[in-house]
Amino acid sequence: SLVSTDFESAQHQTYVLFVTLVRNDESYAPQPYLAESWEFDSDTSEVVFRLRHDLNWHDGTPVTARDVAFTFERLKDPRVPFPNPAYFDYWDAVEVVDPVTVRFVIRPHANALYGWTRTAIMPEHILGDVPPAELETHPFGTSEPVGNGPFRFVERVPGDRWVFEANRAFPEDLGGRPYLDRLVYRQIPDEFALSAALRAGEVDVVIEASPPMLDQVTGDTTILWAAYHAPEYAFIAWNSKRPWFAEPEVRRALTMAIDRETLVQAVLGGHGTVAEGPVGPWHWAHDSGWVAPTFDRDSARALLDAAGWRDSDGDGVRDRDGQSFSFELMATPRRDWQSVQTLVQASLADIGVEAEPLVRERGALIPLVTGADRRFDAVLIGWARDVPLDDKDLWACDQVGQPVQFTSYCNPELDEVLEAIPLTADRDELRVLIGRYHELISADQPYTFLYYVDRVDLVRSQVYGVNVDSRGDWATVARWWVHGE
């Protein structure tokens, strides 16, 4: 549905139960899907999509341009809590030309089609009479979904499973019917039970296995690993209103003092990489040649010395103007965050900086971090970002004081780059801008980027075709198959 915020639900919508207007290939280049073609006008202020004639909803009703227009009208409706409104900020109006042709009025921008690769088309003939404010609670989203994708809905057992079966009428040009006859998505919260079910063949694929579970199956040749770079990273946000974090040189020193490779090994079990900045290896514009601060405690000490932070009283903690370099590092009570806090504390102690780990429940922590008065020193956060890189909410000067501009950092030069990124359609020009974005953030270090996360799925050796990449775990599900079935 248009209101789901859960990652796995969104994956099932776009790859299992429904089709999207356009789909991404592995490099995030848009490819035909429901739309067999599209054409922008000369100034890219209008785009016309021509749809397939042979795709039906699972109840037999043809999918038409009216469904596309209905989906757009609802996701733009303020009464509908669509979770990704930024995808369509530059899309202004829609017109149904004929049953298989739809025209949009847009403002030129980068990654113009991306939102349509992540948004499932909804059936107007089922949902058209539902008041927009009631879509969030309508049975369509929980017990009565009717899709148009490679799998059709069979049943849901709340808290236990969703069951789908192959859509035998799925068009051959789109891959035809899935190889699997039946797909059961189960929820098994106990990791030991899940591991046992995998070994016993009761489960074929485990999505996003935890490091402890990976340890449990290491050496088992009947279980294969499928890993990919996830579009997420962990970081420490430094509150630049605090005297310790006001200067870029000091923030760089803190980054250089933290042994982030040890974090990757200890916290992720090696299933990740040291983070260089806000654009990770999952993004098409990422460049392995980008320069970023590296682990170098001697250089970190030199930067702090030059900034006037020295241990003047011999107590082992640096100070300046009578103030000790001692601060609170906050996090929610996740086990991995506590490990990060401990390792960061030890790393910084080696350069004479005292970080005191502090744990707060999520409900208590968020107001401290997002409130206008910013009642925190530093905070550990995990963050998922998206391909369009419309990151003004994180860094822009006019966002200081807004909820997710945690650091109160402001750089007018970066503002210009952030304004240009969403409006630059040419990939070569965009790559240059994204490189400059990385360069400026790397120099100023408003965050210490700790690590990028690799998601690891576990697959029984009898299962084939589970090719995963940063689009998600389910992007190729229609081509999965089980040996002998």
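In the predicted model described here, P248, R251 and R252 of helix α7 meet S442, A443 and D444 of helix α14, where contact denotes heavy atoms within 4.5 Å and where helices (H or I, at least four residues) and strands (E, at least two) are DSSP runs numbered from the N terminus. The residues of this contact divide into 2 nonpolar, 1 polar and 3 charged, with Ala, Val, Leu, Ile, Met, Phe, Trp, Tyr, Cys and Pro counted as nonpolar, Asp, Glu, Lys and Arg as charged, and the others, Gly among them, as polar. The axes of α7 (residues 248-257) and α14 (residues 427-444) come within 7 Å and cross at roughly 90°, which makes α7 roughly perpendicular to α14; axes are lines fitted to C-alpha atoms, for helices over the stretch in contact, with angles running from 0 to 180 degrees between N-to-C directions, and angles under 35 degrees count as roughly parallel, over 145 as roughly antiparallel, 65 to 115 as roughly perpendicular and the rest as oblique.

Residues are numbered from 1 along each chain as its sequence is written. Because the model is predicted, local features need pLDDT of at least 70 and side-chain atom pairs count only at pLDDT 80 or more, whereas totals for chains, interfaces and linings use all residues, and side-chain values use heavy atoms, with hydrogens and water left out.

Leaving aside neighbours within four places in sequence, W116 is in contact with residues including L21, F49, V68, F72, W91, F104 and I121.

Within strand β18 (residues 447-460) lies R455, which is buried at a relative accessible area of 6%, where buried means under 20%, exposed over 50% and partly exposed in between (1.4 Å probe, protein chains only).

E208 itself, in the loop between β10 (205-206) and α6 (211-217), has a positive phi of about 50° although it is not a glycine, and is partly exposed at 42% relative accessible area.
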